[in-house]
Amino acid sequence: MKIPFLNLDYQHRPIAQEMLQVTADVIKKGWFIGGERVHEFEQAFADYLGGVHCVGCGNGTDALELVLRAFGIGNGDEVIIPSFTWVSDVEAVVAVGATPVYADLPENGYAITAETISPLISDRTRAIIVVHLYGIPVDLDPILKLAKERNIKVIEDCAQAHGATYRGKKVGTLGDAGTFSFYPTKNLGALGDGGAVVTRDEQVAENIRLMTNHGQKERDIHLSIGRNSRLDPLQAAYLTLKLSHLDEWNEKRKQLAELYTEGLQTVNMTLPGFTDESIVHLFVIQSSQRDKLRDYLLKMGIETAIHYPKPIHKLKPYEVEGLTLAYSEHVARRVLSLPLYPGLEVKALEYIVDCLKRF
Ligand SMILES: *Cc1c(COP(=O)(O)O)cnc(C)c1O
């Protein structure tokens with residue numbers, strides 16, 4: 001059996017006809033930047049999350065950078081981020097001229113906590129970026145409390161958590177701002193790049209909207225220093241269509257994750273630890289023999305991936321001399337992501353479980 005790590009074709013096939021239709025509509029209209037389609041998606045996504053304004057932008061990394069800029073964070077400021085995450089978080093911090101401060105993971109779990117953050121807070125700390133990694137919501141309340149007492153912004157990176165909730169509310173709506181990526185492989189993915197910022201603060205949303213379009217309120221009226229980072233109508237049209245399937249796809253992923261979890265009960269590996277409020281973006285196990293296991297699975301025709309092989313503080317451009325973050329480093333040596341996507345057949349999943357047991 002040959003099982004790819006990801007197959008988006010399975011997911012797209014049932015809506016292929018509708019995707020072609022919206023493509024034809026956009027071409028016929030001849031309008032390829034801004035406008036109706038983009039507003040329609042922004043409104044639909046804001047409604048889906050509840051209680052926020054949504055501004056589309058070029059990608060999830062820009063979304064983080066735009067939020068930091070909107071909060072006036074830059075030179076001389078510190079932003080606390082997890083070290084065990086995708087590189088976008090540090091890229092955004094460095095892009096605005098601020099200094100990243102890396103927080104470690106706790107002994108169990110994939111998110112930084114109030115306990116791991118708290119010793120890192122200084123007079124210069126202006127923001128904390130939390131990441132709902134793999135679809136598992138971060139325990140936000142203690143972090144929000146800590147931040148509020150010190151007037152620090154909390155930014156939720158929701159690139160892996162479209163639809164996850166925390167205490168009944170969608171993630172992205174709880175902090176000072178939330179950022180989303182619509183990179184094709186995300187739970188809600190475009191057919192290219194895309195991103196969004198969401199916030200309850202209308203003024204922040206408005207400032208970000210200006211920034212994404214050269215600081216223009218109207219054409220040639222430049223009100224602030226801007227740039228170009230826009231979600232385009234074609235991507236917005238695909239996203240509106242796909243948003244209507246998001247809960248159903250998330251449900252399918254959840255069912256597959258449950259089958260993995262049941263099947264792997266007797267295997268000596270750490271399982272993901274999803275909660276009722278999680279969505280499933282990646283199904284990540286931990287093994288002390290991760291690299292051997294990965295080679296073995298590949299030999300058995302099963303593609304896997306590693307999210308992520310090195311914590312940020314060990315990546316060349318962001319390396320901090322002498323810094324040790326024991327749990328982030330430990331986890332980075334052990335994690336392995338198994339194939340999981342709508343359309344993955346149960347018999348393929350059972351085969352993967354069998355191979356894991358045999359290993
Ligand atoms: C995908 C992702 C992003 C943003 O990705 P883009 O490719 O810039 O859209 C940011 N943070 C995390 C944790 C991600 O997984």
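## Crossing of H11 and H13

Helix H11 spans residues 290–299 and helix H13 residues 346–358; they pack at about 130°, with axes 10 Å apart. Axes are lines fitted to C-alpha atoms over the stretch in contact, and angles between N-to-C directions run from 0 to 180 degrees. H11 is therefore oblique to H13, as angles under 35 degrees count as roughly parallel, over 145 as roughly antiparallel, 65 to 115 as roughly perpendicular and the rest as oblique. Helices are DSSP runs of H or I with at least four residues, and strands are E runs of at least two, numbered from the N terminus.

Leu293, Tyr296 and Leu297 of H11 meet Cys355, Leu356 and Arg358 of H13 (contact: heavy atoms within 4.5 Å).

## Ligand surroundings

Around the ligand are 14 residues, of which Gly60, Thr61, Asp157, Ser181 and Lys186 come nearest (a heavy atom within 4 Å). For a polar side-chain atom of Lys186, the distance to a ligand oxygen is 2.7 Å.

## Backbone

His307 and Tyr308 are joined by a cis peptide bond with omega about 15°. Tyr308 belongs to the loop between H11 and helix H12 (326–334).

Asn151, a residue other than glycine, has a positive phi near 60°. Asn151 sits in the loop between helix H7 (140–149) and strand S5 (153–157).

## Basis

Residues are numbered from 1 along each chain as its sequence is written, and side-chain values use heavy atoms, without hydrogens and water. In this predicted model, local features need pLDDT of at least 70 and side-chain atom pairs count only at pLDDT 80 or more, while totals for chains, interfaces and linings use all residues.

How values were computed. A polar contact is a pair of N or O atoms within 3.5 Å; within protein, one must be able to donate a hydrogen and the other to accept it, and residues adjacent in sequence count only if both atoms are side-chain atoms.
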